[in-house]
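Please keep the sequence and the structure in view while reading.

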Amino acid sequence: MTYSFTLSKPLQDYSTALREWSAAECRPYARQADIDKRRPDNWKTILDTAPVPLGRADRELPDPLPTFEEGYWVSHLAFYESINYGDIWVHPTLGNGGIGHLVVQAMGTPAQIEKWYDDAFVKQRGDTGFALTEPGFGSDTSKVATTATRDGDSWVLNGTKMYCTGGAFADYVVVFATIDKTQGAKGINAFVVPKGTPGFVVAKENEDKLGIRSWTTSELVFENCAVPLDHRLGWSAEGGDAEVGNGQGGALSALAWNRPNMSALAIGLAQASLDTVTPILKGQQAGFTPQRWASVERDLEAMNAALDRGRRLNYLAQSTVDAGNPSRSLSAAAKGYLPETVERVIRRCMELLGPEGASKELLLEKWYRDCKIMDIFEGSGQVQRIVVGRSLLGRLAG
Ligand SMILES: Cc1cc2nc3c(=O)[nH]c(=O)nc-3n(C[C@H](O)[C@H](O)[C@H](O)COP(=O)(O)OP(=O)(O)OC[C@H]3O[C@@H](n4cnc5c(N)ncnc54)[C@H](O)[C@@H]3O)c2cc1C
């Protein structure tokens, strides 16, 4: 059996067109989006100039991403890397910043998948949020303190969720809550809470954070927030409790599928950084001693090789999802390796340019801040490396 991760010509052509466009048309707005902590006001006009479909949710007519022989998840990696090559403000404007729909897909009944995934997410192009993290925990997902209490025909949610990407504007948020604290992780369930449900309060629209400042990161409070019984994912009136999946398992599946996408966003920033410094260094070559130039060449080669390794790991992880047999350990391996590697690559790019590298004249310092966040959310690098270790020791299935 051979592995080949050379992308097909159609996907290569699509990615090149996307990368060139995002660098030329979107990157000029990167600094201001970081300062303003939001996308540019004219974002729709900017997106209108794209030479290829972007999968925009704001369009009345469908704008689906093309399909490629590599499969949905692998080809999305090329998409995420290329769109982020311009800057990180672009991707959330397409409409699918949050990942609540992935939990629906992972643990919904057929009727719930039809309603909240096929219709609300795919057909209506709705935004979704994923509300797991709370003031008291992030990595240890068994510590959910938000409660869901049965009251007649409703589940009533109470608790606070932090750092919910796109939460303030999502059409619905998937909220993780415990129905019985004595059951630990087994008591955690996932509930679909649509925007506007009484008791669903946006406490803070956007966190003031180190990087990805143009992305919305919200704090949400649920105060006696009642949703119908069939908003509990995996539950149906006919099947009753027997059909309910473990909410923690649903959260982990959704994250495992999406982690390589976040790593691909990070690769886009690193490639953009390398492509920024390379011509600048080339222009300075005449002033360098041969030894110093040889050291620059070695650094460029090492950074290129590190990104190539990460890309391949990412493709391998997502090829298992396309094959219908997702590997949590491969996804963790890619997430444990890539954002940290990208951080080192961008830091080295900055160092190679001296003071110019850290100046705000270039975007390297901003991309360095942006990529740090990618090492934190959707599971920190440290925790991903623990997951890989456990898998090597046979303590993790998949
Ligand atoms: C911009 C942004 C967007 C986010 N979006 C979302 C979202 O949409 N939905 C959502 O639910 N959450 C979201 N998060 C939260 C994010 O997933 C958590 O911040 C992350 O999981 C880490 O959790 P924590 O912050 O509680 O840190 P902690 O879990 O407290 O970890 C703190 C440090 O300890 C390390 N650590 C933790 N456990 C171990 C261990 N067992 N062994 C060794 N080291 C360990 C971690 O690696 C980290 O360095 C977002 C966060 C940010 C910054």
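Lys44 is found in helix H3, which covers residues 43–48; helices here are DSSP runs of H or I with at least four residues, strands are runs of E with at least two, and both are numbered from the N terminus. The model is a predicted one, in which local features need pLDDT of at least 70 and side-chain atom pairs count only at pLDDT 80 or more, whereas totals for chains, interfaces and linings use all residues. Residue numbers start from 1 along each chain, as its sequence is written.

Lys44 counts as partly exposed because 13 other C-beta atoms lie within 10 Å; by definition, a residue is buried with 20 or more other C-beta atoms within 10 Å of its own, exposed with 12 or fewer, and partly exposed in between, the C-beta atoms being placed from the backbone. Arg59 is 15 residues away from Lys44 along the chain, and the C-alpha atoms of the two are separated by 9.5 Å. Lys37 lies in the loop between helix H2 (30–36) and H3, and has a positive phi of about 60° although it is not a glycine. Lys37 is also partly exposed, because it has 17 C-beta neighbours inside 10 Å.

Helix H12 (residues 364–374) is mostly covered, with eight of its 11 residues buried. Among these buried residues are Trp367, Tyr368, Ile373 and Met374, and also Lys366 and Asp370.

In the loop between H12 and H13 sits Glu378, which is not a glycine but has a positive phi of about 55°. Glu378 counts as buried because it has 23 C-beta neighbours inside 10 Å.

## Strand S1 and the ligand shell

Strand S1 (128–131) is covered on both faces, with Thr128 and Phe130 buried on one side and Gly129 and Ala131 buried on the other. S1 runs parallel to strand S4 (residues 172–178), and four bridges join the two, where pairing requires at least two DSSP bridges between strands. Ala131 has Val175 as its bridge partner in S4.

The ligand is surrounded by 23 residues, of which Leu132, Gly138, Ser139, Thr165 and Ser380 are the closest; a residue counts as near if its C-beta atom, placed from the backbone, lies within 6 Å of the molecule. S1, strand S3 (154–165) and helix H13 (381–392) each supply at least two residues of this shell. By class, the shell has 12 nonpolar, nine polar and two charged residues, where Ala, Val, Leu, Ile, Met, Phe, Trp, Tyr, Cys and Pro count as nonpolar, Asp, Glu, Lys and Arg as charged, and the others, Gly among them, as polar.

## Domains and overall fold

The domain assignment gives domain 1 (126–245) and domain 2 (250–392), with bounds that come from an automatic or database assignment. Each of the two domains contributes at least three residues to the shell around the ligand. The centres of the domains, taken over C-alpha atoms, are 31 Å apart. In the interface, 12 residues of domain 1 are in contact with nine residues of domain 2, contact meaning that the C-beta atoms, placed from the backbone, lie within 7 Å.

The protein contains 13 helices and seven strands, and its C-alpha trace spans about 80 × 50 × 40 Å along the principal axes. Buried residues make up 47% of the 398 residues.

Key: Two residues are in contact if their C-beta atoms, placed from the backbone, lie within 7 Å.
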